[in-house]
Amino acid sequence: EYLRLIVWSKGFLAGRPNTSLMCVNRNAILRDPQKAAEALNRFLGGNLQVDQMAAEVKPELNRQRVRP
C-alpha cells in the first residue's frame, strides 16, 4: 500500500505544472546531514542556513534501527 501511494504521488506531482519534487532518503540524511542540507538548500533556492540545518540531524534519535 505504501509503495502504491508513493508511485501515485510521484505521478500526480509530475503532471502538475510549476511543481517540483525532491525525494530524500532518510538513511542518506543520517549518514551525511551536511550533504543532504546542501541538496535541500539548492532545491529550495539557496537561501537556507545549511550548517544549522545539518546540525539538527540527530542520528542517535533514530528509533528504527536495523537489527543484526
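Where is Asn18 found? You'll meet that residue in one of the legends below.

**About the model.** This is a predicted model, where local features need pLDDT of at least 70, side-chain atom pairs count only at pLDDT 80 or more, and totals for chains, interfaces and linings use all residues. Residues are numbered from 1 along each chain as its sequence is written, and side-chain values use heavy atoms, with hydrogens and water left out.

**View 1. The whole chain is built from helices.** The chain has four helices and zero strands, where helices (H or I, at least four residues) and strands (E, at least two) are DSSP runs numbered from the N terminus. Start at the N terminus and you read α-α-α-α. The chain's radius of gyration is 15 Å, well over the 11 Å that the globule rule gives for 68 residues, so the chain is more spread out than a compact globule. That radius is taken over C-alpha atoms, and the rule is 2.2 Å times the number of residues to the power 0.38. Picture the C-alpha atoms in a box of roughly 35 × 35 × 15 Å along the principal axes.

**View 2. The surface of the chain.**

View 3. The structure holds one aromatic pair. The ring centres of Trp8 and Phe12 are 5.1 Å apart and their planes sit at 10 degrees, so the pair is stacked. Rings of Phe, Tyr and Trp (its six-membered ring) pair if their centres lie within 6.5 Å; planes under 30 degrees apart count as stacked, over 60 as edge-to-face and the rest as tilted. Both residues belong to helix α1 (residues 2-14), four residues apart, or about one turn of the helix. Trp8 is exposed at 51% relative accessible area, whereas Phe12 is partly exposed at 41%.

**View 4. Asn18 and its positive phi.** Back to the opening question: Asn18 sits in the loop between α1 and α2 (26-31). Most residues other than glycine have a negative phi. Asn18 is not a glycine, yet its phi is positive, about 60 degrees. Asn18 is also exposed, with a relative accessible area of 83%.

View 5. Asn41 lies in helix α3 (residues 33-43) and is buried, with a relative accessible area of 11%. Leaving aside residues up to four places away in sequence, Asn41 touches Gly46, Asn47, Leu48 and Val50, a contact being heavy atoms within 4.5 Å. Arg42 lies in helix α3 too, but Arg42 counts as exposed at 61% relative accessibility.

**View 6. Distances to Val24.** Ile6, in helix α1, is partly exposed at 30% relative accessibility. Ile6 and Val24 are 18 residues apart along the chain, and their C-alpha atoms are separated by 13 Å.

Terms used:
Buried < 20%, exposed > 50% of the residue type's maximum accessible area, 1.4 Å probe, protein only.
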